[in-house]
Amino acid sequence: MNRIVTLDEFILRTQKEISSATGELSALLRDIGVAAKIVNREVNKAGLVNILGVAGSENTHGETVQKLDLYANEKLIDCLKNSGECAAVASEELEDFISFPNVKGKKAKYLVVFDPLDGSSNIDVNVSVGTIFGIYRRKSKTTGPISMDDFMQKGSDLVAAGYVLYGTSTILVYTTGNGVNGFTLDPSIGEFCLSHRDVKIPPSGKQYSVNQGYYLKFDLEMRRYIDYCSDSNMGLRYIGSMVSDVHRIICNGGIFLYPNTRKYPQGKLRLLYECNPLSFIVEQAGGQAITCQLERILDLDVNHLHQRATIAIGSSDMVKEFQEFVEKYSAIPSFSN
Ligand code: P6P
C-alpha cells in the first residue's frame, strides 16, 4: 500500500525541486488548502445548517446569491488576507478587487482570483459544487499599491491554478505549471492526500457536455457540431457546475462547451474566475481550451474583472475536431497558427 502523501508534504517536496523557490507560493497554496477544508465543512452541512436559501443579495451579474456563496467568499478572503503571501484578491462575487495590508511587514507578491462556489445554484439540490482559483504574480512594485492593471493578466501568465470539487468526496486539483495532481480529503485525519498523481486527460472521450436546452439559441456551426456528437452516439453529461463537468472530462475524456447565446453574446462563463484557471489545468493535463471563435483561452486579453468568454475545453483530439468543424461550417477565420 502506497504511503500517504499529504498536500502540504507534496507542496514542500515540489518546492525543494525548484532551486529558485522561496517558499512563498508554497505557503499560499497551503493557505488555500486550509480555506478549502473550512468551506468543505460548511458545504457538507448545508442541508443541516440554516445557511441555505437565497441571501437576498445579488452578485455583480444580477444573480441571486446563496448564503453559502457568501460564506465561501468570506472564508477565502479571511484565509488569504492573513496569509501574508497574498497582496490582493478578485472574486467572482465582488464588483472590485480587495487589496490586503502587509502582514508583519511582508510585502506579498501574489494575487489570487477565485470563484468561491461555482455552480452554487446546485447547492440546495445536493449536486456537487466547486471552488476555482488562479494565482498571478503582481506586475506592480511590491512597495506600491495594487492597481487594476495587476489583474489584467492573460491566463498564460498564471503561476498556479486549481479547483476544489465538493462532491461524493472532496478533491483539490492544482498545477504550478509542471503537471497536474489531485488530492482527496480524508476527513478522518483532516488532510488532503495525494490520490491522482500526474493527471493526464485522455486524448478523446465518449461524452460531450453542453446545455442542450439552449440548442436553438446557438449559432449554426454549434448546432451542427452538437448534431455530430449526437449522431456519433456520444453520451451527453451536463451537471451545470463547470468544475464538476470539467473534472469528469479530465478523468474520463470528453469536451465541454459553453457557446455564445442571445442572452450571453460574449458567452456566460467568466474568463478570470472560471475559464482561465480551468484552461491552465486542462492544458497542463494535455488537453486544450479555446473559445468558440477558435482563440486559445489562455491567450485572450483581459480587459475587465468580470469579462465573459465562450469556451470549448477538454480532450485534445476532440477540441481539434471541434475546431475543424467550426472552420468548415462558419465564416470564422482560424486563429490557430
Ligand atoms: P447554465 C454556474 O452558474 C456556471 O457558472 C458554471 O459553473 C456552469 O457550467 C454554468 O454556469 C451553467 O450555466 O446556463 O447552463 O445554467
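Here are a few questions and answers about the cysteines and the ligand site of this predicted model.

Residues are numbered from 1 along each chain as its sequence is written, and side-chain values use heavy atoms, without hydrogens and water. Because the model is predicted, local features need pLDDT of at least 70 and side-chain atom pairs count only at pLDDT 80 or more, while totals for chains, interfaces and linings use all residues.

User: How many disulfides does a search of the whole structure find?

Analyst: A disulfide is a pair of cysteine sulfur atoms within 2.5 Å. The sulfur of C193 has its closest cysteine sulfur in C251, 17 Å away, so the two are too far for a bond. The number of disulfides found is 0.

User: Is C251 buried, partly exposed or exposed?

Analyst: Buried means under 20% relative accessible area, exposed over 50%, and partly exposed in between (1.4 Å probe, protein chains only). C193, at 11%, is buried. With 39% relative accessibility, C251 is partly exposed.

User: How far is a polar backbone atom of M242 from an oxygen atom of the ligand?

Analyst: Good one to check! A polar contact here is a pair of N or O atoms within 3.5 Å. A polar side-chain atom of D118 lies 2.7 Å from a ligand oxygen, and an N or O atom in the side chain of Y214 is 2.7 Å from a ligand oxygen. For the backbone atom of M242, the distance is 2.7 Å.

User: How do the residues of the shell around the ligand divide?

Analyst: Tyr and Met count as nonpolar, as do Ala, Val, Leu, Ile, Phe, Trp, Cys and Pro; Asp, Glu, Lys and Arg are charged, and the others, Gly among them, polar. The shell divides into 6 nonpolar, 4 polar and 4 charged.

Notes: A polar contact is a pair of N or O atoms within 3.5 Å; within protein, one must be able to donate a hydrogen and the other to accept it, and residues adjacent in sequence count only if both atoms are side-chain atoms.
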